[in-house]
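Here's a quick tour of a protein model, written for someone just getting started. Have a look at the picture first, then work through the points below.

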Amino acid sequence: MQDRHLRPDEIELLLDGEEGFGVAPLRAHVRSCASCHAELEEARALLLALDTLPDFAPSVGFADRVMSQVQVFEPWHAAALTTARQFVPATRPARIAAGFAAAVGSGLLTAGATWAVARADIGFLLAQVGLDRVREQAGAAASDVATTVLGQPGLDAMLGGSAGMTAAAVGGFVAVVGMGVVGLRALATSSRRAR
Amino acid sequence: MPNPDELATLPDADVVRLAQQGRELAFRELVRRYERPVFSLVFRMVRDRELAEDLSQDAFVKVLNHIDRYSPEFKFSSWLFKIANNVAIDHLRRRRIDTISMHGSPHASTASEIEASALNLEDEQESALDELESKELGSAIERAIARLRPEYRACIMLRHVEGRSYEEIAATLDLPLGTVKTYIHRARHELRKALEPLRE
């Protein structure tokens, strides 16, 4: 037991209910010292008063004022879940019926998909025929355009001639078209200046 | 979606999860649960009802607009009190800077303007104190708390009014545990000294 009065930090140790080697002598001193005992009781009374301090309420409409500045954002997954929930029937029998219908529907879908995979060769054949038709149509259209631009003799010469001949013909065509474009621009510029 | 009565029975973590899913009722429930504790903390920090409402509102808006950033490993209330305390401390720091120019606004150009701005500030503070002490807080303990340093005040409020553990307070205020204990012990010692005349 110690022969002096408790210091404030020692009073705090006792208030916090600390346990330990150094606390036992403090407790023993409090039991024998009326002054320290009274001081500890007053400190406990203060803690009780602090613990029972009331909360204060903000003014009416505080929550509304806060909410007016809060951006309530619904993430896409939550929105999707909400939408899906709208389709769930309210009553139990309706839910069972809907579940049954969904099971039958998904069963039919699975069977259809399985059949389609098993018959993949038919799909490939149909796709091949479709591609051939598209290629034919594109070739015919290109030939029509070339005939219109070069004329039948030009096209025949291109198809019948050598690679060098074809390149010369295409180069000549591009040069003529280029000169035409340059000439037209020059004409347009001079007429704009004249105005 | 639970109705308001059901929401009131859910733990904070569940209500926060609903708020993160964009449920407005969940946001309102969080405000309903914590408007009084947060307002009380801020009010006791700044000692001005109107200002405390504005600062509490700021704290709630900050927290609720960033609810998606909330990490469930911490208590929601600790996060909220941390923001509220920071808002109040920031205000007190700004006000401390303002009080340097208490004898006149730095923007005042004439002697009369300087005098007018100085008087306005004094009047405002005086009326706030009067209102606080006579109508709102009144008691000797409240007055003694109001005279504590803001850091001590926040610790005492969280420990005794909100019933938080030392560890929670340390996490809430971003302070070492030892510092929190020291602050609370010193604050209680100062309160005891301040209340001594009442006992005599």
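Going from the N terminus, the elements of chain B run α-α-α-α-α-α-α-α-α-α. That's ten helices and zero strands, where helices (H or I, at least four residues) and strands (E, at least two) are DSSP runs, numbered from the N terminus. Keep in mind that this is a predicted model: local features need pLDDT of at least 70, side-chain atom pairs count only at pLDDT 80 or more, and totals for chains, interfaces and linings use all residues. Residues are numbered from 1 along each chain as its sequence is written, while chains are lettered from A and ligands numbered from 1 in the order in which they are written.

**Chain B overall**
- Of its 200 residues, 32% count as buried (20 or more other C-beta atoms within 10 Å of the residue's own; exposed is 12 or fewer, partly exposed is in between, and C-beta atoms are placed from the backbone).
- Take the contacts in chain B between residues at least 6 apart in sequence: 55% of them join residues at least 24 apart. Two residues are in contact if their C-beta atoms, placed from the backbone, lie within 7 Å.

**Two helices that cross in chain B**
- The axes of H2(B) (residues 12-20) and H3(B) (residues 24-46) come within 7 Å and cross at roughly 140 degrees. Axes here are lines fitted to C-alpha atoms, for helices over the stretch in contact, and angles run from 0 to 180 degrees between N-to-C directions.
- That angle makes H2(B) oblique to H3(B) (under 35 degrees is roughly parallel, over 145 roughly antiparallel, 65 to 115 roughly perpendicular, and the rest oblique).
- Val15(B), Leu18(B) and Ala19(B) from H2(B) meet Ala26(B), Phe27(B), Glu29(B) and Leu30(B) from H3(B).

**A closer look at Glu168(B)**
- Glu168(B) sits in helix H9 (residues 166-173) of chain B.
- Is Glu168(B) buried, exposed or partly exposed? Glu168(B) is partly exposed, because 19 other C-beta atoms lie within 10 Å.
- Val180(B) is twelve residues away from Glu168(B) along the chain, and their C-alpha atoms are separated by 9.9 Å.

**Where chain A meets chain B**
- 29 residues of chain A are in contact with 31 residues of chain B.
- On the chain A side, H3(A) gives the largest share, seven residues.

**A helix in chain A**
- H8(A) (residues 163-194) has 32 residues and reaches 46 Å from its first C-alpha to its last.

Key:
Expected span 1.5 Å × (residues − 1).
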